[in-house]
Amino acid sequence: MKKVILSISLFWASTAVFAQKTPADKIFINGKIITVDSQNSIAQAVAVQDGKILAVGTTKDIEKLKGKNTQVVDLGGKTVTPGFIDGHSHFMSFGRANLANLNPPPVGNIRKIADIVAELQKFKAQKGLKDSDWISGFGYDVDQLEEKRHPRKEDFDAAFPNNPVVITHVSGHMSVANSAALKAGGVTSETPDPAGGVIERKENSKEPTGLLQEKAQGLVRVNLSGSSKGTVEERLAQLKEQQEYYASFGVTTAQDGSSSFESLELLREAAKRGELVIDIEALPSYPIVDKVINNPDYQYGVLKNHFKINGFKFFSDGSPQGKTAFFGKAYLTKVPGCDHAECRGFPVVTQDQFNEAIIKSFKNNIQPYVHCNGDAAIDMYITAVENANKVLGTKSLGRRPVVIHSQFVRLDQLDKYKELGFLPSLFSNHAFFWGDVHETNLGYDRAKFLSPLKTAQTKGIIATNHTDFGVTPINQLFLLWTSVERKSRSGKVIGPEERLTPLEGLRAITINGAYEYFEENLKGSLEKGKLADLVVLSDDILTIEPSKIKDVVVLETIKEGKTVFKKK
């Protein structure tokens, strides 16, 4: 089959070459080019002109486009794919310069609560923080701690009696504050739970433990990224570093999920100055969407100077591993902050608020991106879209409403996705990082269907795959591996029926990603007329042993014909 596809690919490429008169700016020859076109064609060479692909075909034919000033890159048999397109991450929020790394292996070194305290002390010393300064950390994972519990305020009070300390769970959906931070936020035994949030209390008491779930984090939460700190020049320098970091993993289109207005302003300034080298798709946080809509400096849906405002980000529930995701059936294990029998998590919005957001989206032709992890939250989204269609007399089909994570979608809900035109942006890294945890908390039947990429594909639903960085690493080859093998930390395969082939997994992070942003005619595959966004890899992901896909290295990332990363 591969030989037939190759011959078709090269036939059409040869036809294009013979009709072409203008020499290429650059040609890449003697490689294995995985085009990800509609036929999944394989070629040997690519020609680039003015940042776009001039032709794809055999080395022999592409060399005919060489002129006296053409740069020739001999790939030496290396594999080339389209640039990776980030289905969902938090580009502006996780530079981490102002946060202690509290992740467990393999991302960090935290194994017990004492390690968290030691890391925060080390961070305080390294940053030269005074006793009155706030100290923040991100990434602790209760399920990977030896104690198998969330830290409490007392765990930090002795080491930091005068520093307000706030550490955030790896999901980003809950935080733990010490006594100084709770005092600074005015959180006491008399503080009521905010709408959409829970203050965990000590048993048989109203006294806070320090754990703040979902919107309760806002009572003490400090700015995670520090994105509004420093001069414009300092922040632009950080932005440059963040672009280089994404590009080092082959990402040529990144997403900033839930953008603050300060982030939008910085991205707009960087775009004006020509300092963006990869494409940034910004999703303004829903609370600021009116401010953006009414601002003449911003226009939705236009990619200019590598910057585009594309939809808005809306939250409906929380984290499945944090047990705040909203399910139709109860968790099987104890849920912090829940003292009744049917602990199903909770929504962070009402159905009326959900309905209002989707109507606003459709009225303004803005693509909605909604965080939904549990199936009950997904039901709310489906209801909101059906309501908007009815109220406005419109159809959602073609609007591509995105379900971010869609982690525990039911089979019947996938049929609704197909009917209504939903695009699930799935998250197969959960199989590795929390597959074992989900099986414990939810049972195997629910756990095995997490991020059902294969079933979505079988039903004809276009789905993307994402890392949710900084929840999991931005490494796209690791993400590809989790979609292919779906192995957990313990080595168990979580839902073998949902495994993809490497080529199917690649499509989820390339052409399907382009489709998510309405850019499938511009990028996502290596075809004539599209942007010359390419990634050169150390190994052939289609033939390498699947277990080794996660170890494949990005050697070079090329955006519109220009190298934006090259491994030293």
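In the predicted model, 19 aromatic pairs are present. A pair of aromatic rings is described by the distance of the centres and the angle of the planes. One of the pairs is formed by Phe91 and Tyr246, with 4.8 Å from centre to centre and 70° between the planes. This arrangement is edge-to-face, because the angle is over 60 degrees. Phe91 is located in the loop between β8 (84–85) and β9 (100–101), whereas Tyr246 belongs to helix α6 (residues 232–247); the pair therefore ties together parts that lie 155 residues apart in sequence. Phe91 and Tyr246 are both buried.

The relative accessibility of Phe433 is 5%, so Phe433 counts as buried. For Phe478 the value is 16%, and this residue counts as buried as well, because the cut-off is under 20%.

Aromatic residues are also joined in a cluster. Ring pairs connect Tyr286, Phe312, Phe314, Phe354, Tyr381, Tyr417 and Phe422.

Contacts between charged side chains and aromatic rings were examined as well. The charged end of Lys291 is placed over the ring of Phe261, at 4.0 Å from the ring centre. Arg446 is found over the face of Phe327, with a distance of 5.2 Å to the centre of the ring.

Methods:
Residues numbered from 1 in each chain as written. Predicted model: local features only at pLDDT ≥ 70, side-chain atom pairs only at ≥ 80, totals over all residues. Heavy atoms only, no water. Phe/Tyr/Trp six-rings, centres within 6.5 Å; stacked < 30°, edge-to-face > 60°. Helix = DSSP H or I, 4+ residues; strand = E, 2+ residues; numbered from the N terminus. Buried < 20%, exposed > 50% of the residue type's maximum accessible area, 1.4 Å probe, protein only. Lys NZ or Arg CZ within 6 Å of the ring centre and 35° of its normal.
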